[in-house]
Amino acid sequence: MAARNLLISCGLAAAGVLAAGMGLLGMRNASKTAPGGTNDPPPSSREPEPSAAERTRHASAVVPHGEEDAGLARLRHEMVETQIRARGIEDENVLRAMQRVRRHEFVSSQLAFSAYDDCPQRITHGQTISQPYIVAFMTELARVDSRSKVLDVGTGSGYQAAILGEICARVYSMEIIQELADEATRLLARLGYDHVQVRCGDGYRGWPEEAPFDAIIVAAAPDHIPPSLIEQLAAGGRLIIPVGDYAQDLWVIEKQGDGKVKRWKVAPVAFVPMTGEARRHGSP
Ligand SMILES: C[S@@+](CC[C@H](N)C(=O)[O-])C[C@H]1O[C@@H](n2cnc3c(N)ncnc32)[C@H](O)[C@@H]1O
């Protein structure tokens with residue numbers, strides 16, 4: 001895999017909120033990382049910059065949900081090339097999904113032109129939709145394909161579920177906040193993701209009725225790896241999960257064919273905390 005630097009953020013305003021424990025700066029090959037940890041893609045992979053007039057129009061534009069224009073399509077293309085491919089994501093299924101899903105549908109219509117920025121975005125109920133790169137990175141780590149049955153914990157806006165829906169046979173997504181689960185259910189149905197099912201519930205315990213899963217992606221951080229999520233992995237399956245309080249790491253947990261479990265850290269990250277039962281358990 002190509003050497004890459006990582007700038008991953010799931011809270012708002014990555015570098016600015018590091019002190020508040022909500023941003024993340026994860027770097028691979030730190031020696032190649034520019035001051036501030038950002039990773040500018042090569043100029044050749046960039047689209048022409050939008051003009052000042054275009055930027056002003058974008059900043060004030062409200063795009064009703066269900067609509068798209070050439071400017072948004074261009075921003076999405078630019079996002080895939082400069083934030084995702086240029087940072088080393090190679091799985092063509094992931095790149096195609098990131099290109100196909102209209103991220104601006106998952107934020108408020110006032111934020112449509114910010115949806116493709118290289119940062120997380122605010123959604124309702126004090127939650128966030130993760131930075132595009134972390135969504136692509138976690139999806140690639142999950143090693144899913146068209147036969148996969150996956151669990152997505154922390155539905156939020158439904159964006160990660162839609163990305164998985166582009167790639168996988170079946171997606172089960174759990175969200176602890178009822179209103180977010182309801183909004184994501186309606187949005188995913190409107191966008192035609194009939195094979196993506198959202199349920200309101202505590203993802204700490206997973207979705208035992210539908211287990212085992214070929215992959216589980218978690219977008220909220222507990223301070224330990226929930227044992228039930230490991231149990232619900234199929235043989236060969238992978239759990240991708242942020243773990244920690246103030247200092248978090250993204251972990252990959254892989255269940256081998258013989259039932260043994262391998263685990264390793266891949267990057268420092270900053271996600272919102274997992275609520276519900278995860279808060280009541282200390283590290284086992
Ligand atoms: C970073 S946001 C998820 C972003 C989401 N994947 C998306 O694409 O928009 C984390 C979400 O996890 C949810 N969450 C936190 N603890 C949870 C739990 N125990 N079970 C299920 N969802 C939980 C939060 O309510 C929040 O919506």
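Visitor: Hi! What should I know about the numbering and the model before I start?
Guide: Residues are numbered from 1 along each chain as its sequence is written. The model is predicted, so local features need pLDDT of at least 70 and side-chain atom pairs count only at pLDDT 80 or more, while totals for chains, interfaces and linings use all residues.

Visitor: Thanks. How many helices and strands does the protein have?
Guide: There are eight helices and nine strands. Helices (H or I, at least four residues) and strands (E, at least two) are DSSP runs, numbered from the N terminus.

Visitor: And what share of the residues is buried?
Guide: Buried residues are 43% of the 284 in the protein. A residue is buried if 20 or more other C-beta atoms lie within 10 Å of its own, exposed if 12 or fewer, and partly exposed in between, with C-beta atoms placed from the backbone.

Visitor: OK, helix packing. At what angle do α3 and α5 pack?
Guide: Helix α3 (residues 92-100) and helix α5 (residues 159-167) pack at about 125°, and their axes are 9 Å apart. Axes are lines fitted to C-alpha atoms, for helices over the stretch in contact, and angles run from 0 to 180 degrees between N-to-C directions. The pair α3 and α5 is therefore oblique; under 35 degrees counts as roughly parallel, over 145 as roughly antiparallel, 65 to 115 as roughly perpendicular and the rest as oblique.

Visitor: Which residues make that contact?
Guide: From α3 they are Asn 93, Ala 97, Met 98 and Arg 100, and from α5 they are Ile 163, Glu 166 and Ile 167. Two residues are in contact if their C-beta atoms, placed from the backbone, lie within 7 Å. The contact of α3 with α5 divides into four nonpolar, one polar and two charged residues. Here Ala, Val, Leu, Ile, Met, Phe, Trp, Tyr, Cys and Pro count as nonpolar, Asp, Glu, Lys and Arg as charged, and the others, Gly among them, as polar.

Visitor: What about α2 against α3?
Guide: Helix α2 (residues 70-84) packs with α3 at an angle of about 145°, with the axes 8 Å apart. On the α2 side, Arg 76, His 77, Val 80 and Ile 84 meet Leu 95, Met 98 and Gln 99 of α3. The residues of this contact of α2 with α3 divide into four nonpolar, two polar and one charged.

Visitor: Switching to α6, which of its residues are buried?
Guide: Leu 180, Ala 181, Glu 183, Ala 184, Thr 185 and Leu 188. The buried residues of α6 pack against α5, β4 (170-175) and β5 (196-200). Just after α6, Gly 192 takes a positive phi of about 90°.

Visitor: Which residue other than glycine has a positive phi near 60°?
Guide: That is His 125, in the loop between β1 (121-122) and β2 (128-129). His 125 counts as exposed because it has 11 C-beta neighbours inside 10 Å.

Visitor: Last one: where is there a cis peptide bond?
Guide: A cis peptide bond joins Ala 211 and Pro 212, with omega about 5°. Pro 212 is in the loop between β5 and β6 (213-218).
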